[in-house]
Amino acid sequence: MRRLRALEPLAWVGPAIVLIALVVIWPVIEMIRSSFLEISRLGVVRGWTAGDNYVKLFGEKDFADIMLRSVIWVVAVVVLTVVVSLALAQLFNQHFPLRKVARWALIAPWAASVLMTAIIFKWMLDPEVGVINQIRVKLGLIDAMGGAAADQLGDASTAMPWLVFVAVFVSVPFTTYALLAGLATIPSDVYEAAKMDGAGRFRTYWSITLPLLRPALTVAALINIMNVFNSFPIIWAMTHGQPGYSTATSTIFMYILKGSDIGESAAMSVVNFGMVIVLTVIFLRVSRWNKEVA
Amino acid sequence: MAVDTAPARTGSRPQARPGRGATRRLPKLKTVVIAASAYVIAFLFLFPYLVMVLTSLRSQESLRDVSFWPDEWVWSNFTDFWSSGLAGNLWVTIKVAAGATVLVLLVALPAAYYSARHRFRGRTAFLILVLITQMFQPTAMVVGIYREFYQFGLVDSTWSLILVNGGFNLAFAVWILNAYFSSIPRELEEAAFIDGNGRFGALFRITLPLAMPGVITALIFTFIAAWNEFVVALTLTTSSENKPLPVALNSFIGQYQVDWQNLFAGSVIATIPVIILFALIERKVVSGLTAGSIK
């Protein structure tokens, strides 16, 4: 009977553990294992290769560029997202008529699938009829539709900023909402005290709002780092990482490799995994450092 | 949630107060500027989806016209959707989203309830495991997922998509449900238990109804996430009739001539329902995702 009691938690929690083990833990192990295997295109395991997959991966001529681009991609998207969201949270925290409706509008990019949003942007950037290019023609930024200047996604130097734009576009809603929730937890008497001390608007924001917003900011940024690093549909739908690999991040590269060499692709995944952990640790260090300074 | 807005209110009150008596009907200039910029931004965030809807109502011929509004409104793109193979893909999406939601409900509910009510050995380890899982993304391990399901012989099966989507959304559900169950006083349940309801009677009559907002949030969140999921579905489905709608729609793009009007009719069907569903739970999702850090 006592032994049965000891098993009781397992009956309640067990299924969850099994599901996590099956769907989350197992793939991680399988991924690491595969990165040391030689696997044929059809999925047949040909045997162990000490670290050949990694050697091959690091030897790819585009590898260094892709890794650098991935880091820039994450940093650019997350920083822009946070800055834009801080401003938007401040704005949407004010009182104005129909605030609720305006806030709801922000939900759309968050709820809609990122893939759909990316596809819409690809269409809006269409060189011949895309509405963004129509606007650019009207503003005199480009001479005419259809030319090379209108083909924004065809060249890495113009495609990359658009990819970043779309990634920021879909990340801002969640971040803004998280910051709005953070703003709501700041007690109003703190602001009254600041006012009595004669602190100005900017000063109040800088030394009261921002520090108190830090927990919300940290979590939002952390979730964004994970999401953006693993962001796949935007680049996949809009450029496929092309031309060449010039708009590919490591996640895209991993997926492209999957079609030719699963072992090498697994090695790329493991490197990706490591990168996410490193970026997260760096971020946590930096934000803690900020706290100590403040 | 009404307290949410307290800081802003106190922030703007001093400016608003003096003029209130005299210019009651006229809003202050500051409010007008704030409202106007908020509306513009709101519009910008809706704009792509407006373009999506407008394009889905264009005719094939007017697709390449340079005009923002369609010359004529063509509803046949939507009726075409139902007669094309895409209706089958929509059905796959519905099965995956509903299946994952039911799976999460069955697995997360007991785990969250028990870990909220009882201290047992391994409880902390379990909750940490859940927290770590929430940080994991299927995209990062899609190769491992593919290899695993390849070995199971479950590639190109709706079941594998249900399993993966259920597994990756479990963490959020356990987390938010655990918070809900913890907030319900144990005494309420015990009182019902003493009244002769039995342990399960108390659970089903008292605790579960009180936790309903959390349950609904977890369910809608899982449903939307599974509905929108792309990478795993792209990887694990091979035949066109087994592809969920997003994957099927994406395969339009590779074609030489993209029938954007049909593509966007499908997108509208894939997008609008989840935006509405999401609007219902948006606040709870934020507190769920950032739980523990903001409070």
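# Questions about a predicted model

Biologist: What percentage of the 294 residues in chain A do buried residues make up?
Modeller: A residue is called buried if 20 or more other C-beta atoms lie within 10 Å of its own, exposed if 12 or fewer do, and partly exposed in between, with the C-beta atoms placed from the backbone. By this rule, the buried part of the 294 residues in chain A is 43%.

Biologist: Which pLDDT do local features need in this model?
Modeller: The pLDDT is the predictor's confidence in each residue, on a scale from 0 to 100. Residues are numbered from 1 along each chain as its sequence is written, while chains are lettered from A and ligands numbered from 1 in the order in which they are written. This is a predicted model, where totals for chains, interfaces and linings use all residues, side-chain atom pairs count only at pLDDT 80 or more, and local features need a pLDDT of at least 70.

Biologist: In which helix of chain B is confidence lowest?
Modeller: The mean pLDDT of chain B is 80, and 87% of its residues reach 70 or more. Helices (H or I, at least four residues) and strands (E, at least two) are DSSP runs numbered from the N terminus, and the mean pLDDT is highest, at 91, in helix H4 (residues 86–117) of chain B. Confidence in chain B is lowest, at a mean of 42, in helix H1 (residues 6–19).

Biologist: How many residues of helix H6 of chain A are buried?
Modeller: Helix H6 of chain A covers residues 114–124 and is mostly covered. The buried residues in H6(A) include A:Phe121, A:Lys122 and A:Trp123. The count of buried residues in H6(A) is 11 of 11.

Biologist: Which residue in the turn between S1(A) and S2(A) has a positive phi?
Modeller: Two strands pair if DSSP finds at least two bridges between them, and strand S1 (residues 37–39) and strand S2 (residues 45–48) of chain A pair in the antiparallel sense over three bridges. In this pairing, A:Ile39 stands opposite A:Val45 in S2(A). The two strands form a hairpin with five residues between them, and the turn residue with a positive phi, of about 100 degrees, is A:Gly43.

Biologist: Why does A:His240 count as partly exposed?
Modeller: A:His240 lies in the loop between H11 and H12 of chain A, and it has a positive phi of about 60 degrees although it is not a glycine. A:His240 counts as partly exposed because its C-beta neighbours inside 10 Å number 17.

Biologist: Is B:Thr237 buried or exposed?
Modeller: B:Thr237 has its place in the loop between helix H10 (231–236) and helix H11 (245–253) of chain B. Two residues are in contact if their C-beta atoms, placed from the backbone, lie within 7 Å, and, leaving out residues up to four places away in sequence, B:Thr237 touches B:Asp156, B:Asn242, B:Lys243 and B:Val247. Because B:Thr237 has 22 C-beta neighbours inside 10 Å, it counts as buried.

Biologist: What is phi of B:Asp156 near?
Modeller: B:Asp156 sits in the loop between helix H6 (142–152) and helix H7 (158–183) of chain B. With 15 C-beta neighbours inside 10 Å, B:Asp156 counts as partly exposed. Its phi is positive in a residue other than glycine, and is near 70 degrees.

Biologist: Which helix of chain B gives the most to the side that touches chain A?
Modeller: On this contact, 80 residues of chain B meet 82 residues of chain A. The helix of chain B that gives the most to this side, with 15 residues, is H2 (residues 29–56).

Biologist: How far apart are the end C-alpha atoms of residues 71–92 of chain A?
Modeller: UniProt, in an unreviewed entry, lists residues 71–92 of chain A among those under "transmembrane region"; its positions follow the numbering used here, feature names are shortened, and annotations may be inferred rather than shown by experiment. In the model this span is 100% helix and 0% strand, and the distance between its end C-alpha atoms is 31 Å.
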